[in-house]
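Welcome! Here is a short briefing to read alongside the structure.

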Amino acid sequence: MPREFTVSNDQVLAFETDCHLFDGCGFPAPSEWSFIFDPLFTIGSFEVDKPMALVVLSTAIICTFFWVAFSRAKVVPGKVQLVAEVLYDFVRRGIARETIGKKAEPYVPLLMSLFFFVWIMNIWAIIPFAQFPATSIIAYPAALALIVWATYMTLTFKTNGFVGGMRNLCVPSGLPKGIYVILTPIEFLSNVIVRPLTLTVRLFANMFAGHLLLLVFIIGTWYTLGSVVGTFYAATSMVMTVALTFFELFIQALQAYVFTALTATYISQALEEAH
Amino acid sequence: MLIELAAEEPMSPVLPVVPEIVIGLICFGVVYFVFHKKLLPAINKALDERREAIEGGMEKAEAAQAEARQTLESYKEQLAEARHEAARMRQEAQEQGASLIAEMREEGQRQREELIAAGHAQIAADRKQAAELLRQDVGKLAIELAGRLVGESLEDHARQSRTIDRFLDDLEEQAGRSVPSESSEAGR
């Protein structure tokens, strides 16, 4: 099958070529093309690609699972409800109450949604056939960070008024007066602009890098096959893939926790009275 | 499968695109809505009910305990009351007995005194009677004796009587020295 010239070497994965070690062709390293997909189907003129489908599927899975568990919640729980209750308790007590305290209850739904939405989107990275973390498309973490930022700002100004809210955001208390000249702009920048950006990038970059890592070793396994020496390389690469898969499993939950816990921290700060 | 893209350069992965943000927002909104409106209220209700059920059981146990304690206290109180009552009755009985004894003793004393007094009176009356009889007999005997000795009947009764009386008074006077001591001894 003749190669199409419009497609560069960067745009193909190892599986799509017969390129192996010692064949004289270079290692087809994963690139930004690894994160760009053909549309699966189109609705009208709107093209739905794999990450979008995964996001929608995440929503469906979360809603279905918790619907089964909680919609007819019983005093004596069944198995599904018991599992869901443990998860709920983790977010409600372990994150919300731990960070925000007594006023946490109104924000539990937000934190619950964030935690499970992020977690399930992350988990796709190691689910066979999906094998792609939806959160490695920056728009999805950005959308979530946008919601967190809007909540943070709204709560800050609603609790403290405009002046108090600005003080809360920009003027940390208990410092010598001269410091404020430098510190106020920095605090403003840090709280209002950098925080949502870091929230986005932290999640995105972790999942992006994790996916790249897995790709490197999976492609490596394929690429090094084909010769006796190469088989050993491939085995090593395969072991790394499996190890990294478990590592990713850990990172996925951790990133979901970090995202949610940081949101809780921001909410807690917004609810603090200005000093 | 080959990727057919017109653009030679892919979009930078760090630049979010609007349609994906919108999809993310919508999907998150759905999850949030379902949690906020339906599922978390449902589970919170169930959790509250569970807590109430547990607390209700504990309350019931507490109530039963309190009732038991109350019953015990009332029993104790009743027991103490009964003991008190018994002690009081014993005391009363003792007092009554003592007063009865005292009364009877008094009565006995009185009766004894009465008997003694009656005895004394009887003795005094007997004695008086005996003395009277004795006086008459002594008089008669003395007259008889005197008539025999003198040989003549003393006609004048008044004179006779005077003589007898004088004689007897003399006798009594003589006896009087020793009699009072006897009579005082009998009075005791």
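The points below go through the model topic by topic.

This is a predicted model, in which local features need pLDDT of at least 70, side-chain atom pairs count only at pLDDT 80 or more, and totals for chains, interfaces and linings use all residues. Residues are numbered from 1 along each chain as its sequence is written, while chains are lettered from A and ligands numbered from 1 in the order in which they are written.

**Confidence**

- The model scores ipTM 0.88 and pTM 0.70.
- Chain B has a mean pLDDT of 83, with 84% of its residues at 70 or more; pLDDT is the predictor's confidence in each residue, from 0 to 100.
- Among the elements of chain B, α1(B) has the highest mean pLDDT (91), and helix α3 (residues 179-187) of chain B the lowest (49).
- Over residues 1-7 of chain B the pLDDT is below 50, and this stretch has eight contacts in the model beyond near neighbours in sequence. Two residues are in contact if their C-beta atoms, placed from the backbone, lie within 7 Å.
- The pLDDT is also below 50 over residues 182-188 of chain B, a stretch with one contact beyond near neighbours in sequence.

**The two chains**

- Chain A has six helices and two strands, in the order β-β-α-α-α-α-α-α along the sequence. Helices (H or I, at least four residues) and strands (E, at least two) are DSSP runs, numbered from the N terminus.
- Chain B has three helices and zero strands.
- Of the 275 residues in chain A, 37% are buried, and for the 188 residues in chain B the figure is 6%. A residue is buried if 20 or more other C-beta atoms lie within 10 Å of its own, exposed if 12 or fewer, and partly exposed in between, with C-beta atoms placed from the backbone.
- Looking at contacts in chain A between residues at least 6 apart in sequence, 63% join residues at least 24 apart.

**Where the chains meet**

- Chain A brings 40 residues to the contact and chain B brings 32 residues.
- On the side of chain A that touches chain B, α1 (50-70), α2 (79-100), α3 (108-123) and α4 (139-170) of chain A each supply at least two residues. The largest share, nine residues, comes from α1(A).
- That side of chain A has 29 nonpolar, five polar and six charged residues. Here Ala, Val, Leu, Ile, Met, Phe, Trp, Tyr, Cys and Pro count as nonpolar, Asp, Glu, Lys and Arg as charged, and the others, Gly among them, as polar.

**Nonpolar cores**

- The largest nonpolar core has 68 residues, and A:Leu111 and A:Val118 have the most contacts inside it. A nonpolar core is a set of buried Ala, Val, Leu, Ile, Met, Phe, Trp, Tyr and Cys residues joined through C-beta atoms within 7 Å.
- α1, α2, α3, α4, α5 and α6 (228-271) of chain A, together with α1 (18-150) of chain B, each supply at least two residues of this core. The largest share of this core, 13 residues, comes from α3(A).
- Not counting residues up to four places away in sequence, A:Val118 touches A:Thr135, A:Leu144, A:Leu203, A:Gln255, A:Ala256 and A:Phe259.

**Local features of chain A**

- Helix α5 (residues 177-224) of chain A has a kink of about 50° at A:Val194, shortly before the proline A:Pro196. The bend at a residue is the angle between axes fitted to the seven residues ending there and the seven starting there.
- Just after α5(A), A:Gly226 has a positive phi of about 115°.
- A:Cys19 sits in the segment before β1 (41-43) of chain A. A:Cys19 counts as partly exposed because it has 19 C-beta neighbours inside 10 Å.
- A:Cys19 and A:Trp222 are 203 residues apart in sequence, yet 8.8 Å apart in space, C-alpha to C-alpha.
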